[in-house]
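Reader: I would like a close look at one part of this model. Please take a single sheet and what surrounds it, and go through the pairing, the packing and the charged side chains in turn.

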Amino acid sequence: MREFKCTCGADKPSRIDSNRQVFVKRELRDYFVDLLLKTGYREVRDPAFSQGRGIAYLVKNTTGESNRHFILWHLIFEEIKRYTDEVKYHLTRGPDVEFTSLDGRRIAVEVEATKKNYGQMERKLKILKKYDGWFIVVAKSQDLKHYQGYGPTFTRTKIQNLIAEYFKPEPQPEPKTKPQPLPKPKTEPYTNSSYLYQQPIIPIDKSKTKRKRYTL
């Protein structure tokens, strides 16, 4: 991996990976911005996982796809990589991105920046259906309905939460039997309290207890 280094300024990275094809412009030092623009990168604005005009990126798009598709594809790949190393991308055949979820399923992601016709999508679906799960991400929200007829489709604003769901641990099942409280006795302990407290106390006459003496 080749790196470019810069010693100017301390608030931003002092080196960058020259093999990286997408950079956030505001995160780079001016030296690197000038260097990348001179080495084939272009400045492109994109909303990433939000809406609107977006922020500026420096992009070196070496594919036949549009910059809109290329940036979103790259960002999805990087987002999945936050959760797992079992992720890869395809430039030609196969889905744009594939990864392994927390429960071991193979998931495919297809990014669409333009409307494809029925024949094109049928060829794509044959590949996607070989996976345990898959979904389509549309770069433009107005294309959502067009692709929903083919399968699960989401706009860019839903992707971060969607990816996180694939790596959320399943809740632990509750025990089948909960500890039961001790059974209460049907009747209270027998004390015959009514007898103890209602009967009068009879004094003992000690004179009657003396034994009579007999003389022979």
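Author: In strand 5, Leu58 is the bridge partner of Phe23. This pair belongs to a predicted model, and the pairing of strand 3 with strand 5 (residues 55–59) is antiparallel, over 3 bridges. Strands of a sheet pair through backbone hydrogen bonds, in either a parallel or an antiparallel sense.

The sheet as a whole is open and has 3 strands in the order 3-5-4, with antiparallel pairing. Strand 3 (22–24) and strand 4 (42–46) stand at its edges; each has a single partner strand, so one side of each is left without a neighbour in the sheet. On average, neighbouring strands here are turned by 35° against each other, direction ignored. Helix 1 (residues 30–38) packs on this sheet and touches strand 3, strand 4 and strand 5. The direction of helix 1 makes about 50° with that of strand 5.

Next come the charged side chains. Lys25 and Glu43 meet in a salt bridge through their side chains, at 2.9 Å from N to O. Lys25 lies in the loop between strand 3 and helix 1, and Glu43 in strand 4, so the pair ties together parts that are 18 residues apart in sequence. Lys25 is partly exposed, with a relative accessible area of 27%. Glu43 is also partly exposed, at 41%.

The loop between strand 3 and helix 1 also holds Glu27. Its relative accessible area is 47%, so Glu27 counts as partly exposed. Neighbours within four places in sequence aside, Glu27 is in contact with Lys12 and Pro13. The C-alpha atoms of Glu27 and Lys12 are 6.5 Å apart in space, while the two residues are 15 residues apart in sequence.

For context, the count of salt bridges in the model comes to 8. Among them is the pair of Glu79 and Arg82, whose side chains meet at 2.7 Å, N to O. Glu79 counts as buried at 7% relative accessibility, whereas Arg82 counts as exposed at 58%. Another salt bridge joins Arg105 and Asp103, with the closest N and O atoms 3.1 Å apart. Arg105 is partly exposed at 34% relative accessibility, and Asp103 is partly exposed at 47%.

Terms used:
Residues numbered from 1 in each chain as written. Predicted model: local features only at pLDDT ≥ 70, side-chain atom pairs only at ≥ 80, totals over all residues. Heavy atoms only, no water. Pairing = 2+ DSSP bridges. Helix = DSSP H or I, 4+ residues; strand = E, 2+ residues; numbered from the N terminus. Axes fitted to C-alpha atoms, helices over the stretch in contact; angles between N-to-C directions. Contact = heavy atoms within 4.5 Å. Buried < 20%, exposed > 50% of the residue type's maximum accessible area, 1.4 Å probe, protein only. Salt bridge = Lys/Arg side-chain N within 4 Å of Asp/Glu carboxyl O.
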